[in-house]
Amino acid sequence: MMKTDNFKELLEENYTWPAEYPFKFIVPKDQIDLALALFPEQAVKQTPSKKGNYISVSCKKWMKSSEEVLALYERAAKINGLISL
């Protein structure tokens with residue numbers, strides 16, 4: 001079983017879709033625009049790191065399914081230096 005299959009199972013067990021899902025990422029400050037583009041028209045909380053090199057990005061977004069959540073994580077994984085929490 002693949003890692004994403006396990007995560008998908010957890011999502012299915014813990015959420016009733018559609019559902020509001022919390023996303024949190026840490027991203028290098030020079031990649032912030034790409035991270036924000038994951039959440040168009042959403043309220044996004046941004047918190048800079050102590051030295052200002054990274055920004056924490058938090059957002060709750062209504063998602064239609066576990067597949068939609070996985071797709072957003074796949075898009076996020078393409079951002080250089082992004083860490084998913």
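**Group meeting: a serine, a ring cluster and a strand**

Okay, let's start with a serine: the side chains of Ser66 and Glu12 are joined by a polar contact of 2.4 Å. By polar contact I mean a pair of N or O atoms within 3.5 Å; within protein, one must be able to donate a hydrogen and the other to accept it, and residues adjacent in sequence count only if both atoms are side-chain atoms.

Before I go on, this is a predicted model, so local features need pLDDT of at least 70 and side-chain atom pairs count only at pLDDT 80 or more, while totals for chains, interfaces and linings use all residues. Numbering runs from 1 along each chain as its sequence is written, and side-chain values use heavy atoms, with hydrogens and water left out.

Back to the serine. Ser66 sits in helix H3; helices here are DSSP runs of H or I with at least four residues, strands are runs of E with at least two, and both are numbered from the N terminus. Is Ser66 buried or exposed? Ser66 has a relative accessible area of 0%, so Ser66 is buried. The cut-offs are under 20% for buried, over 50% for exposed and partly exposed in between, with a 1.4 Å probe and protein chains only. If you skip neighbours within four places in sequence, Ser66 contacts Lys8, Leu11, Glu12 and Trp17, where contact means heavy atoms within 4.5 Å.

Now zoom out. The chain has three helices and four strands, and from the N terminus on they run α-β-α-β-β-α-β. The C-alpha trace spans about 40 × 30 × 20 Å along its principal axes. Of the 85 residues, 33% are buried. Take the contacts between residues at least 6 apart in sequence: 67% of those join residues at least 24 apart.

On to the rings. How many aromatic pairs does a search of the whole structure find? Ten. Rings of Phe, Tyr and Trp (its six-membered ring) pair if their centres lie within 6.5 Å; planes under 30 degrees apart are stacked, over 60 edge-to-face, and the rest tilted.

Look at Tyr21 and Tyr73: the ring centres are 6.3 Å apart and the planes sit at 85 degrees, so this pair is edge-to-face. Tyr21 is in strand S1 (residues 19-28) and Tyr73 in helix H3 (residues 66-77), 52 residues apart, so the pair links distant parts of the chain. Tyr21 and Tyr73 are both buried.

Tyr73 has another partner to look at. The rings of Phe23 and Tyr73 have centres 5.3 Å apart and planes at 55 degrees, so that pair counts as tilted. Phe23 is in strand S1 and Tyr73 in helix H3, so here too parts of the chain get tied together, this time 50 residues apart in sequence. Phe23 is buried, as is Tyr73. Ring pairs link Phe7, Tyr15, Trp17, Tyr21, Phe23, Phe25, Phe39 and Tyr73 into a cluster.

Last stop, strand S2. Thr47 is in that strand, residues 45-48, and is partly exposed, with a relative accessible area of 36%. Not counting residues up to four places away in sequence, Thr47 touches Tyr54, Ile55 and Ser56. Pro48 is in strand S2 as well, but Pro48 is exposed, at 56% relative accessible area. Leaving aside neighbours within four places in sequence, Pro48 contacts Tyr54 and Ile55.
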